[in-house]
Structure formats: C-alpha cells, structure tokens
Amino acid sequence: MSARPTLALVIPAWNAARFLPALFDSIAVQSEPFDEIVLCDDASADETAALAESFGARVIRHAHNAGCSAAKNTGLAGVQSEWVHFQDADDLLLPRFAQAARDAVSDLIDA
C-alpha cells in the first residue's frame, strides 16, 4: 500500500462568518484531520477572515469580490496537498469524512 495521500480542505467564502463556527466544529471532530485547511475570503464585509484564522485556517483574501469559482481557484493555488476537497462554508462534514476520502483515494491509487 502507498503512503497515505495528503488531503486539503478548501473553503471558498463570502460573508460566511455566521456559518463558520458550525463548520469548524465539524472539522474539529474529524476522526482523521485534514493536512491543511485553507479558506479563501472573497472580499467579505464581515468577520469571515478573522474568524477562520481564529479556528486555525490559513486565510487567503481577495481584495475584490470575484465569485465562488475564483475563490476555489485561489484556494487551490494555495495548497500543497496531493488531493483537495472543496467545502461550502454553510455545509457540515460528517465525522469520518477526511478518513473516508483518504481511504477512497488510496484505493484508487492502489488499484
């Protein structure tokens, strides 16, 4: 079996501060942690960036709102991991998500 693949979580976000506590709660209870967590703040007018940083995410900020696709691309450019999961700020992760994703990727690599 190959070494475990690295997995990043990329969160495109615009004015998402009200959703981040629940999302980061779901990140904190992962049975296996993500290797890196990057939030791309798409020029939010609220505390999205500061709140994400307080939860330990690396934040990349857009100076001007460019939309979700641009935020995904910026976040993707900012990661070092081999694999990436994009997560909407207003959705939650199941507790075994990162582990299941790594297992699925490992199965593909080993096939």
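**View 1. Ile 37 and its contacts in the predicted model.** Ile 37 is in contact (heavy atoms within 4.5 Å) with Leu 9, Ile 11, Phe 24, Ile 27, Ala 57 and Arg 58, leaving aside neighbours within four places in sequence. This is a predicted model: local features need pLDDT of at least 70, side-chain atom pairs count only at pLDDT 80 or more, and totals for chains, interfaces and linings use all residues. Residues are numbered from 1 along each chain as its sequence is written, and side-chain values use heavy atoms, with hydrogens and water left out.

**View 2. The largest nonpolar core.** This core has 20 residues. A nonpolar core is a set of buried Ala, Val, Leu, Ile, Met, Phe, Trp, Tyr and Cys residues joined through side-chain atoms within 4.5 Å. Buried means under 20% relative accessible area, exposed over 50%, and partly exposed in between (1.4 Å probe, protein chains only). Ile 11, Ile 27 and Ile 37 have the most contacts inside the core. At least two core residues come from each of β1 (7-13), α1 (20-28), β2 (36-41), α2 (48-54) and α4. Helices (H or I, at least four residues) and strands (E, at least two) are DSSP runs, numbered from the N terminus. In soluble globular proteins, nonpolar side chains tend to be buried together.

**View 3. Arg 102 on helix α4.** Arg 102 is found in helix α4, which covers residues 97-110. Arg 102 is buried, at 4% relative accessible area. Its side chain makes a polar contact with the side chain of Asp 35, at 2.7 Å. A polar contact is a pair of N or O atoms within 3.5 Å; within protein, one must be able to donate a hydrogen and the other to accept it, and residues adjacent in sequence count only if both atoms are side-chain atoms. Not counting residues up to four places away in sequence, Arg 102 touches Arg 4, Pro 5, Leu 7, Glu 32, Pro 33, Phe 34 and Asp 35.

**View 4. Gly 75 beside Cys 40.** Gly 75 lies in helix α3 (residues 68-77). Its relative accessible area is 0%, so Gly 75 counts as buried. Beyond its neighbours within four places in sequence, Gly 75 is in contact with Val 10, Val 38 and Cys 40. Gly 75 and Cys 40 are 35 residues apart in sequence, yet 5.5 Å apart in space, C-alpha to C-alpha.

**View 5. Cys 40 and Cys 68.** A search of the whole structure finds zero disulfides (pairs of cysteine sulfur atoms within 2.5 Å). Cys 40 is in no disulfide; its nearest cysteine sulfur, that of Cys 68, is 9.4 Å away. Cys 40 is buried, at 0% relative accessibility. Cys 68 is partly exposed, with a relative accessible area of 44%.

**View 6. Ala 70 on helix α3.** Ala 70 also belongs to helix α3. Ala 70 is partly exposed, at 24% relative accessible area.

**View 7. The whole chain, for context.** The protein has four helices and four strands. Along the sequence they follow the pattern β-α-β-α-β-α-β-α. The C-alpha trace spans about 45 × 25 × 20 Å along its principal axes. Of the 111 residues, 41% are buried. Among contacts between residues at least 6 apart in sequence, 74% join residues at least 24 apart.
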